[in-house]
Number of protein chains: 2
Amino acid sequence: MSVVAKAISLLEHFSVQNPELGLSQLCRLAKKDKATTYRYLTTLESIDFVEQNPVSKMYRIGPAVLHLADIREQTVPRREGAIKPLEILAQATGETAHVSILSGNGLHALEACESMLHSTRAVIDLQKLPLHATASGICALAFGPADLTQIANTTLTQFTKQTAQDVETLARYISRVQQSGFGFSDRAFENDIVGFAAPLFDHTGQMAGTVAVAAVASRLTNALVDQIHNSLITASTSISHNWGGRVPTSIQTLWAQSSKSLAEKEMSI
Amino acid sequence: MSVVAKAISLLEHFSVQNPELGLSQLCRLAKKDKATTYRYLTTLESIDFVEQNPVSKMYRIGPAVLHLADIREQTVPRREGAIKPLEILAQATGETAHVSILSGNGLHALEACESMLHSTRAVIDLQKLPLHATASGICALAFGPADLTQIANTTLTQFTKQTAQDVETLARYISRVQQSGFGFSDRAFENDIVGFAAPLFDHTGQMAGTVAVAAVASRLTNALVDQIHNSLITASTSISHNWGGRVPTSIQTLWAQSSKSLAEKEMSI
DNA sequence: AACAGTGGTTTAATAAATGAACCGAAGGAG
DNA sequence: CTCCTTCGGTTCATTTATTAAACCACTGTT
């Protein structure tokens, strides 16, 4: 791990819940020496990646990232292209919908949209999502670059009793998703939430992210699952379109098959 | 300059005009060795600060900055607190208004708002502003931390014939601004633009940024200058309020005095 | 007064960054 | 076809910056 990565990984400890951190706190969180942490912070401060509250001496994320994020969103407008389909998805399903961006070594939640239909609903923190425990994550493992799986296999943090705890279980989850075309996670990240996801594609033809629905487990019915699947297909198709890509026919075929099998299952009930 | 700063300074070469850059281009821009630049880029890629277009092999700003910018804006909502006063300012003056954030070693343009009143108007690039050549910059030097002046003095890039080219001229500009309470720059950055600025304050009581109007020189009248000054006072007061601070009475006094002297000047005309 | 916290600084030991030279591939020009 | 340039990417001995223990100065508590 290079110095650059180590210094910047300090930034990962800042969050909406914890926007300002002191030197000592940061030392403990990063498990690093005080002198080193201090040097990192002053360096980051010199390039405006953090700034120091002059009275409390605490550090917070600096203004330089705003500028970079602006350039990114103006030239690769992921958020803009995702918002409307996301609202439609949330409204159609009555559950919380969110979009994540895939990037080399993980999945970043980009935007969430909560349905107003029910008073209980999932709340998505906009942060890095665990690959092995969320519908989006398993979807990324199923359809994204192969080297992601190695990253996922090394960090099987347990969140609930259902979280995949070994490589074999995770592999079974992944292969099921590769057959259905939908990411799926049954209370593996949060106790009462079931997740459904679909992959997104950009102009390069590669998988570029996921769109997902986080549903409250107690309200799930076969009809709702069906509705979520259909809405995910619509959302994935239009977001991929807005991102300059399109859903590969192989995935469309999977979706058509799993809709059919679902319909059959319902017929038999 | 530490490795961290050098690596991240690569990011400064990306812009809306030039969102994707190849390895060799970046080498030339950064005046760095190819091997070094390559290592920087792979490091930045590993932490999602840049991502590589898999087909063209070019690099662009990565998704990690979106997340950081989100946290920053959710916890220190500068942009949100600035937008409405900025729109009012642009509309009242008929010129382009913009807000910048002060940070240790410079001034970052945060948001610009163009008036639709005239077809010709100033366009503000959202980037780092030169301290010595803009109304906002001189305003920051006049009312911000003292060590900014040293930074400004070392980089007196010439933009127009009116740009301050020596420390004495700049000091004269600054002291004039310290007397009037308004940043001012007469065609020192762009040839036909006159800038007016007012300082902004946050909850720490320190200067936190500037709000400014970039006016087309050929349209300027005494009445418009008066209008701009008054609107800047309103804008600065309300943005500072939204940022959790307030304009110090010392500055309010300066404003009151310079309004009076302006009124007198107009009386005499 | 002793203690446990801060933020910040110095030190020799050590691990990391550096850049010239290099590779193979792709594209153009003669 | 060869020659030449430029591209992204790699190697390795040399140099340079990073590291972390110990240390200061300060503040509030017991």
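These questions and answers cover the domains, the chain interface, the salt bridges and the helix packing of a predicted model.

Residues are numbered from 1 along each chain as written, and chains are lettered from A and ligands numbered from 1 in the order written. In this predicted model local features need pLDDT of at least 70, side-chain atom pairs need pLDDT 80 or more, and totals for chains, interfaces and linings use all residues, while side-chain values use heavy atoms, without hydrogens and water.

Reader: How far apart are the centres of domain 1 and domain 2 of chain A?
Author: Domain bounds come from an automatic or database domain assignment. Chain A has domain 1 (3-66) and domain 2 (77-268). Taken over C-alpha atoms, their centres are separated by 33 Å.

Reader: What area do chain A and chain B bury between them?
Author: Contact (heavy atoms within 4.5 Å) links 53 residues of chain A with 53 residues of chain B. Buried area is the accessible area (1.4 Å probe) lost when two parts are put together, summed over both. Carbon and sulfur atoms carry 69% of it, and the total is about 4,400 Å².

Reader: Which residues of chain A lose the most area to chain B?
Author: Three residues together give 14% of what the chain A side buries. They are A:Val4, A:Leu66 and A:Arg72.

Reader: Which residue of chain A pairs with B:Arg72 in a salt bridge?
Author: A salt bridge is a side-chain nitrogen of Lys or Arg within 4 Å of a carboxyl oxygen of Asp or Glu. Here N to O is 2.7 Å. B:Arg72 lies in helix 4 of chain B and its partner in strand 1 of chain A, so the pair joins two chains. The partner is A:Glu51.

Reader: Are helix 5 and helix 9 of chain B roughly parallel or antiparallel?
Author: Helices are DSSP runs (H or I, at least four residues), and strands are E runs of at least two, numbered from the N terminus. Axes are lines fitted to C-alpha atoms, for helices over the stretch in contact, with angles from 0 to 180 degrees between N-to-C directions. The angle is about 170°, with the axes 9 Å apart. Under 35 degrees counts as roughly parallel, over 145 as roughly antiparallel, 65 to 115 as roughly perpendicular and the rest as oblique, so these helices are roughly antiparallel.
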